[in-house]
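Biologist: Please put the model on screen. I would like to go through its packing and side-chain contacts.

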Amino acid sequence: MAPAEDRLFLFLLQVFGGPQTYSEQRGHPRLRMRHLNWKIDSKMRNHWLNAMMTALDQMDLDPNVKELMLGYFIKVANHMINHE
């Protein structure tokens, strides 16, 4: 899981205004394209979103930062659905 965790870290760092290391190493994120091999339905969306919400709840974040991140996760989770 370490490589996947590293990629997620770099991706989120970039999304929220950090360095462009993710794109420099892996190119444009193209989230939907990178995930087309997997069936992502509303059940999978909810599973992923719950995992991200749990992770946010375990962190001591400023409420405004947490709200910003949660809003982004919801938007992305909805966007990633590729199967009914």
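Biologist: How many aromatic pairs does a search of the whole structure find?

Modeller: This is a predicted model, and side-chain atom pairs count only at pLDDT 80 or more. With that condition, the number of aromatic pairs found in the whole structure is four.

Biologist: Of what kind is the pair of Trp48 and Phe73?

Modeller: The ring centres of Trp48 and Phe73 are 5.7 Å apart. Their planes stand at 85°, and an angle over 60 degrees counts as edge-to-face. The pair is therefore edge-to-face.

Biologist: How many residues apart in sequence are the parts that this pair ties together?

Modeller: Trp48 belongs to helix 4 and Phe73 to helix 5. The pair therefore links parts whose separation in sequence is 25 residues.

Biologist: Is Phe73 buried or exposed?

Modeller: Trp48, with a relative accessible area of 32%, is partly exposed. For Phe73 the relative accessible area is 3%. Buried means under 20%, so Phe73 is buried.

Biologist: Which residues form one aromatic cluster with Trp48 and Phe73?

Modeller: The cluster takes in Trp48 and Phe73.

Biologist: How far apart are the end C-alpha atoms of helix 4?

Modeller: Helix 4 has 16 residues, 42-57. At 1.5 Å a residue it should span 22 Å. The distance between its end C-alpha atoms agrees with this, at 22 Å.

Biologist: Against which helices do the buried residues of helix 4 pack?

Modeller: The buried residues of helix 4 are Arg45, Leu49, Met52 and Leu56. They cover an arc of only 60° around the axis, so they lie on the same side of helix 4. The face turned away from that side carries the exposed residues Lys43, His47 and Asp57. The buried residues pack against helix 1 and helix 5.

Biologist: Which residue caps the N-terminal end of helix 4?

Modeller: A side-chain oxygen of the capping residue lies 3.2 Å from the backbone nitrogen of Lys43. That residue is Asp41.

Biologist: With which residues is Met69 in contact, leaving aside neighbours within four places in sequence?

Modeller: Met69 lies in helix 5, and at 14% relative accessibility it counts as buried. Beyond its neighbours within four places, Met69 is in contact with Phe16, Leu56 and Leu61.

Biologist: Is Gln14 buried or exposed?

Modeller: Gln14 lies in helix 1. Not counting residues up to four places away, Gln14 touches Pro19, Gln20, Thr21, Tyr22, Ser23 and Pro29. Its relative accessible area is 12%, so Gln14 is buried.

Biologist: What is the phi of Arg30?

Modeller: Arg30 sits in the loop between helix 2 and helix 3, and is partly exposed at 40% relative accessibility. Most residues other than glycine have a negative phi. Arg30 is not a glycine, yet its phi is positive, about 40°.

Note on methods: Residues numbered from 1 in each chain as written. Predicted model: local features only at pLDDT ≥ 70, side-chain atom pairs only at ≥ 80, totals over all residues. Heavy atoms only, no water. Helix = DSSP H or I, 4+ residues; strand = E, 2+ residues; numbered from the N terminus. Expected span 1.5 Å × (residues − 1). Buried < 20%, exposed > 50% of the residue type's maximum accessible area, 1.4 Å probe, protein only. Arc of directions from axis to C-beta. Contact = heavy atoms within 4.5 Å. Polar contact = N/O pair within 3.5 Å; in protein donor to acceptor, adjacent residues only side chain to side chain. Phe/Tyr/Trp six-rings, centres within 6.5 Å; stacked < 30°, edge-to-face > 60°.
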